[in-house]
Amino acid sequence: MSRTTIAKPVSAEGVALHAGVPVRMTLAPGASGSGIVFHRTDLNVDIPALYDHVGDTRLGTVLAEGGASVGVVEHLMAALAGAGIDDLRVTLDGPEPPILGGDSLSYLHLIDEAGLAEQVAPRPVIRILKPVSVEQGEARASFYPADTRHFDFEITFATDAIGTQRFSLDLTPESFRREIAPARTFGFVHELDALLKAGLGRGASLENTLAIEGDRVVNADLMRFPDEFVRHKILDAIGDLALAGAPLIGRFEGLRSGHALNNALLRALFADPVNYELMSG
C-alpha cells in the first residue's frame, strides 16, 4: 500500500481542552515521507509527532521540541491512524488542537472534507516480533505478535457510572469510525477544582467531556455507547501508539493503562531491535 495524505487543506476553530484558549487548526497535505508534523505558527516551530518527542503525559500526550510544545494530540493522532494517513502538516496558532467534540469523529469529518490522496512511496509498517510489556502499579500495557492491528483494553473505576469495562477490536478504518471514533473523553467533577488550579481542563465543558459525579454521568444524553469509557481509552491508546511513526502490526493489551504507560511501551519496544521489524505495507 502507498503512503497517504489528504487531498486539500481544511481548517477548524475551537477551544483548547486544557489551556482553554481559542485555537485555529489547519490540516494540510504533507510531503511523502515527512510523517505527521505539528507547526506552531505563534512560535514558528515544527514538532514531529513521534514517541521520543513526548515531554508530558498528564491528562494528555504532549509533544515537545526546542522549548515549544503541543498538547492533547492523541484524539487527532487516533483519527489520522484510523483514517490511514501517513503524511500531514498540522498548523496551530495555539498550544493544543481544538478539542471539538472531545472525540476523534470530529477530526474524521475534517478528513472526509479534505479527501485522501495517495503518495508515490510505499507505506512502511512495524511488525511486532516479541512480547513487550510495561507495568506501573495495577496498570499494564503490552504488545504481542499478531497478524492484525488488534486492541484489547480493560478498565476499572470505583464508580457505578463506569465500573469494569472491557472492549476489543481489530483496527480498520471501518471499525475505528464505527466503534471507537465517536467515544468522548471523560472526567470527574470532584477533580475539576484541582485541575483548574494546575492550569488544566479550562476548555472542558458538558458539550465535549462526559462528566462523572458520584455514580452518575451528569450529561449522559451525550453518551454514544454504554461502554463509552473503555472505548475512549482505546481511542487514546491508538493515538498514543500512532507516535511510533508507522502502523504497528500486532496485538495491544491495556489494563488500566494511560498516556504515560502507552508511551513507555513504545520506548520499550524500540529499545531492542529484536522486538520488531520494519516492513513495506
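# A guided tour, stop by stop

**Stop 1: a loop residue.** Select S257, which sits in the loop between β19 and α6. Helices and strands here are DSSP runs, numbered from the N terminus: helices are H or I with at least four residues, strands are E with at least two. This is a predicted model: local features need pLDDT of at least 70, side-chain atom pairs count only at pLDDT 80 or more, and totals for chains, interfaces and linings use all residues. Residues are numbered from 1 along each chain as its sequence is written, and side-chain values use heavy atoms, leaving out hydrogens and water.

Is S257 buried or exposed? S257 is buried, with a relative accessible area of 1%. Buried means under 20% relative accessible area, exposed means over 50%, and partly exposed is in between (1.4 Å probe, protein chains only). Now show what S257 touches: A139, R140, A141, F153, K233 and N262, not counting residues up to four places away in sequence. Contact means heavy atoms within 4.5 Å.

**Stop 2: the open sheet.** Select β2, β3, β9, β4 and β5. These five strands form an open sheet in the order β2-β3-β9-β4-β5, with mixed pairing. Two strands pair if DSSP finds at least two bridges between them. Look at the edges: β2 (10–15) and β5 (45–48) each pair on one side only. Neighbouring strands of this sheet are turned by 25° against each other on average, direction ignored.

Zoom in on β4 (residues 36–40) and β9 (residues 88–92). They run parallel and are joined by five bridges. Find R40: it stands opposite L92 in β9.

Stop 3: Axes are lines fitted to C-alpha atoms, for helices over the stretch in contact, and angles run from 0 to 180 degrees between N-to-C directions.

Stay in α2 and pick L105. L105 is buried, with a relative accessible area of 15%. It touches A181 and P182, not counting residues up to four places away in sequence. Which distance separates L105 from R184 in space? The two are 9.1 Å apart, C-alpha to C-alpha, and 79 residues apart in sequence.

**Stop 4: helix α3.** Select residues 173–180. In this helix, S175, F176 and I180 are buried. They cover an arc of only 100° around the axis, so they are on the same side of α3. The arc is that of the directions from the helix axis to the C-beta atoms. What do these buried residues pack against? Their partners are α1 (74–83), α2 (105–114), β15 (163–170) and α5 (228–241).

**Stop 5: strand β11.** Select residues 124–128. Five bridges join β11 to β20 (residues 276–280), and the two run antiparallel. Here I128 stands opposite Y276. Two bridges join β11 to β19 (residues 248–255), and this pair runs parallel. R127 stands opposite I249 in β19.

**Stop 6: around the pocket.** Finish at the largest pocket, which is lined by 41 residues. L59, F186, G187, F188 and E191 lie nearest its centre. A pocket is an open set of points on a 1 Å grid over the protein atoms alone, where a 1.4 Å probe fits, with protein on both sides within 12 Å along at least five of seven lines; lining residues have an atom within 4 Å of a point. Elements giving two or more residues to the lining include β14 (149–157), α4 (192–197) and α6 (259–270).
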